[in-house]
Amino acid sequence: MAFVKKEFLHIFRDYRTLIILFALPAAQILIFGYAVRTDLTNASLAVLDNAHDEVSNELILKLDASEFFDIRYHLTSYDEIDPAFKKGQIKAAIIFPEDFAGRLTREGNAAVSIIADGSEANNANLVTGYTTAILNDYSAGLTKQLTSAMPVIVPEVKMYFNPNLESHFMFVPGVITLILILISALMTSVTIVREKEFGSMEVLLVSPLKPWQIIVGKVAPYFFLSLVNVIVILLLAWFVFGLPVKGSIALLIAECMLYILLGLSIGILISASVQKTENAMFISFLGLMLPTLLLSGFIFPIENMPKAYDYVSLVLPPRWFVEIIRSIMIKGAGFSYIWKETLILVVMTLFFMFLSAKKFKVRLGEGGK
Amino acid sequence: MKKLMFLLRKEFRQIRRNTFLSRAIIAVPLLQMLLLVPAVTFEMKNIDLAVTDNDHSPASRELISRLSGSSFFRICATPQNYMQADALLLAGDADMVLIIPDDFSEGLAGATTPRLQVLADAVNATTAQLGWSYLVSVVRDYNRDVIISSGAAPSAIPGINVSPRFWYNPSLNYKYYMLPGILVILITAIGLMMCGLNLVREKETGTSEQMNVTPVKKWELIASKVIPFFIIGLFDLALGLTVGWIVFNIPFEGSLLLFFACAAIFLVAVLGLALFFSTMASTQQQFLFVAFFFVMIFVLMSGIFTPTESMPRWAQQFNLVNPVAYLMRINRMVMLKGSGFNDIARDMGALAILAVTFITFAIWAYRKRA
Amino acid sequence: MEREKVIEVEGLVKKFGSFVANDHLTFDVFRGEIFGFLGANGAGKTTAIRILCGLSRPTSGKVTVAGINANHPEEIKKRIGYMSQRFSLYDDLTVKENIELYGGIYGMTMKEILPRTEDLLTRLSFSQYGDTLIRSLPLGLRQKLAFAVAVFHDPEIIFLDEPTSGVDPITRRQFWEMIYETAAHGITVFVTTHYMDEAEYCDRVTIMNEGRIVALDTPSALREKYSSSSIEELFVKIARPKTETA
């Protein structure tokens, strides 16, 4: 018990550890909540209006009025587009052909060109999508006027789980996953290896404490800290953007504890396999952090990745956990929907625990190094 | 100067002997390029659409076949009722559900207003919105055809077509978009992390104390620790670029010289940060935490995944001092668009100012503490 | 016989805030002598040495090392050598690489370094270890090597900070033989130690207590003065640990 206390003191005395433990999640929440958006606002556009008629003018106004776009440049020639792109001044150029209104009235069909900056593929897609939506809206309005007697299909949409269409719904579960794995796996592995490397591990091993007690002692503070962190994140999310937990909080916490355990066992395994602190950090970083960030479905949807990645992500615990958290937090799903994923996590935890126990036995047999 | 050469020789020897580090120098660029680049895409592939057809009319079937025929949607299920549809969304088995009411074809014939109900999984708000807008497009096209076939003149139902063209990346290959970004992360990781860890290691083992007694000047010591990673950083950048070129065929429109010049300036800034952070840490673990914290913030805010212009004002202000943001922009512009010196002069200048500021500040801090 | 002074310290005071670490120290060290520096922990030894080595500056007082005033530490560093028990050589470099590094740092050129390296290795019967990594060598060898590297560039004075700690008695002997040889060549040796028997090997010995010098003379003169049969005995007499002063 005293051992655990010592470990706690260790952690709290060092402001840098505290940074990671508390400032980092807070910062991430802030950033993901406010700064990182998946949509586009005030994108700088240029317009090349070859028509100069009332329809094109009206459309230009409509585009400018939308929150997505900001029409900053009115070009007079096609050749101005390339330099504008090269300078990074615009995201896209919208070109209205001559006689635009005329064509629309006569043939009922007119085309608008969008030249988008493909170097920012994401934006280019969004620009096209939003423009299409706005123009569709306009033509639907026209249709209504002209064909009031004709049937016009009215599709209505209900946005489930996220009626206000906030960006951060997607991210907060991911942030939780990231932070948990950071604390539970990375920090544990690092502290244990440090102990090994700088010698006090041997002192501990010689003491009356059993090896498993030492491990548990080292690891217990991080367990609690991870839990505290989750609660802090949830509270932050609630207070800062009113993101509630739709489902059962108890279930959420339980799943978090499972995941923390999983992280801890991975951390222990790493620490048993590695001699130098910097190596432990490197492995944790490359092997845990980056995949979690990029391959778990946190930011980039897995279904968009090449098939091979889909298979690989199956063995990544974060992938499953993100799904579980999203289901519970955002969708309000109950256990019946996530039992499969939970089971997978349980199996993984047992697997890693088994492996690390074996590794440690071997290590100790070799003389405690 | 001569002393610096001796010190540099020592540093390089130590790096070579450090098997882990020397392997990492080759492995990290390769791994990042080969593994990360294919993964990081926002490209929207098929939207899993579930359809409940309560109408069972030729009209509804026609609409459904239009949807399944479009490249955006994939009809994945046909739930029988609202509850099943709900369950599909909850379980994540469908991205969107279309419910066609039983009076749909009557509405089309003019009796009532034909409605369609769509339920969308909006956890990812943007894909939900885009998916919705695609669906609306298909529906509108269908609507048009219905009206035309009932005899109205085409001109009575105006439709505006949008024909997009994507310059610099016609196939809208997301890899082209992300690869420059991954290269930036690469140099940041190597430059900042490895250099910083190395610096702190010296502190930990006390070898810097030993140097203090010798006539080696502080700046010589700093230079000897920083220059190797500058060189390694540029080397790794070249390696990553080569891999990107060979494996992914990324275009390189602009000037290589300009590209590397900017990268060099960036490296100076990053190494300055590494130096500064190393004064805040006495163990490698501490350094890792501090550095990781800042690097994460810099990278996330840099516009690597999401446009900086969409960020709130405070975020854009922050990015004024975020070297990663600058290099991200420069990289994409030079690599994909072939932007020239004039085009990026402002960004390059700002980056240079940052670099000088960081390094000067770092050296000052280092002298004070060590 | 007027001997040349290589270190002159007059009224050296070093304060950290209100704490006086060195309280008006005054002593001289002559060229070619082996000067021992003894004292309990916290007596102010390390502080004084750091000032002599140019690692910190005196609060007041006059300190001259190798003819240079302590206010120009960079110049001092060029003329001295240093070896501490905490760190000596880079363990991930070879013997030759270490020698090359330190030689270069002290301003030698490769043309000077290479032959002298061969010479040194032969003298120490080390030639076959030239390309061995330091970390593969046993501690005793490392210490001796560290010493050799510290005097490689022919400094005027060499400072040794507890150089023989943790080393077996035979190696300790060999080490002191090296020290004698060095002093015979005219290099002044300034050594701190807590092995009281080593105090006997020095030409003169200083004992510090609570920031002040409480004894300074040859070992035999000290023993006589304090009627002690060993330095250890008189050390205990005059350098009481802090807790007993009340």
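Predicted model: local features only at pLDDT ≥ 70, side-chain atom pairs only at ≥ 80, totals over all residues.

**Contacts, chains and single residues**

Colleague: Is chain A compact or spread out, when its radius of gyration is set against the globule rule?

Modeller: Chain A has 14 helices and 5 strands, where helices (H or I, at least four residues) and strands (E, at least two) are DSSP runs numbered from the N terminus. The radius of gyration is taken over C-alpha atoms, and the globule rule is 2.2 Å times the number of residues to the power 0.38. For the 369 residues of chain A the rule gives 21 Å, whereas the chain itself has 28 Å, well over that value, so compared with a compact globule it is more spread out.

Colleague: What percentage of the residues of chain A counts as buried?

Modeller: A residue is buried if 20 or more other C-beta atoms lie within 10 Å of its own, exposed if 12 or fewer, and partly exposed in between, with C-beta atoms placed from the backbone. The C-alpha atoms of chain A fill a box of roughly 95 × 45 × 40 Å along the principal axes. Among its 369 residues, the buried share is 47%.

Colleague: Which helix gives the largest share of the side of chain A that touches chain B?

Modeller: Two pairs of chains touch, and the most contacts are between chains A and B. There, 100 residues of chain A are in contact with 95 residues of chain B. The largest share of the side belonging to chain A is 18 residues, and it comes from the helix at residues 121–146 of chain A, which is α6.

Colleague: How are α2(A) and α11(B) oriented to each other, roughly parallel or roughly antiparallel?

Modeller: Helix α2 (residues 15–35) of chain A and helix α11 (residues 284–301) of chain B have axes 9 Å apart and pack at an angle of about 5 degrees, where axes are lines fitted to C-alpha atoms, for helices over the stretch in contact, and angles run from 0 to 180 degrees between N-to-C directions. The residues that meet there include A:Ile20 and A:Leu24 in α2(A), and B:Phe289 and B:Phe293 in α11(B). Angles under 35 degrees count as roughly parallel, over 145 as roughly antiparallel, 65 to 115 as roughly perpendicular and the rest as oblique. The two helices, α2(A) and α11(B), are therefore roughly parallel.

Colleague: Which element gives the largest share of the side of chain C that touches chain B?

Modeller: In this contact, 16 residues of chain C meet 16 residues of chain B. On the side of chain C, two or more residues each come from α2 (73–79) and α3 (95–105) of chain C. The largest share is 4 residues, and it comes from α3(C).

Colleague: How far apart are the nearest C-alpha atoms of chain A and chain C?

Modeller: The predictor gives the complex an ipTM of 0.79 and a pTM of 0.81. Chain A and chain C do not touch, and the distance between their nearest C-alpha atoms is 15 Å.

Colleague: What radius of gyration does chain C have?

Modeller: The secondary structure of chain C consists of 9 helices and 10 strands. For its 246 residues the globule rule gives 18 Å, and the chain comes close to this, so it is as compact as a globular protein of that length, with a radius of gyration of 18 Å.

Colleague: Is B:Tyr168 buried or exposed?

Modeller: B:Tyr168 is found in the loop between β5 (159–167) and α7 (174–205) of chain B, and its phi is near 70 degrees, a positive value in a residue other than glycine. Most residues other than glycine have a negative phi. Because 23 other C-beta atoms lie within 10 Å, B:Tyr168 counts as buried.

Colleague: In which strand of chain C is C:His24 found?

Modeller: C:His24 is not a glycine, although its phi is positive, at about 50 degrees. With 15 C-beta neighbours inside 10 Å, this residue, C:His24, counts as partly exposed. The strand of chain C that holds C:His24 covers residues 19–30 and is β2.

How values were computed:
Residues numbered from 1 in each chain as written. Chains lettered and ligands numbered in written order. Contact = placed C-beta atoms within 7 Å.
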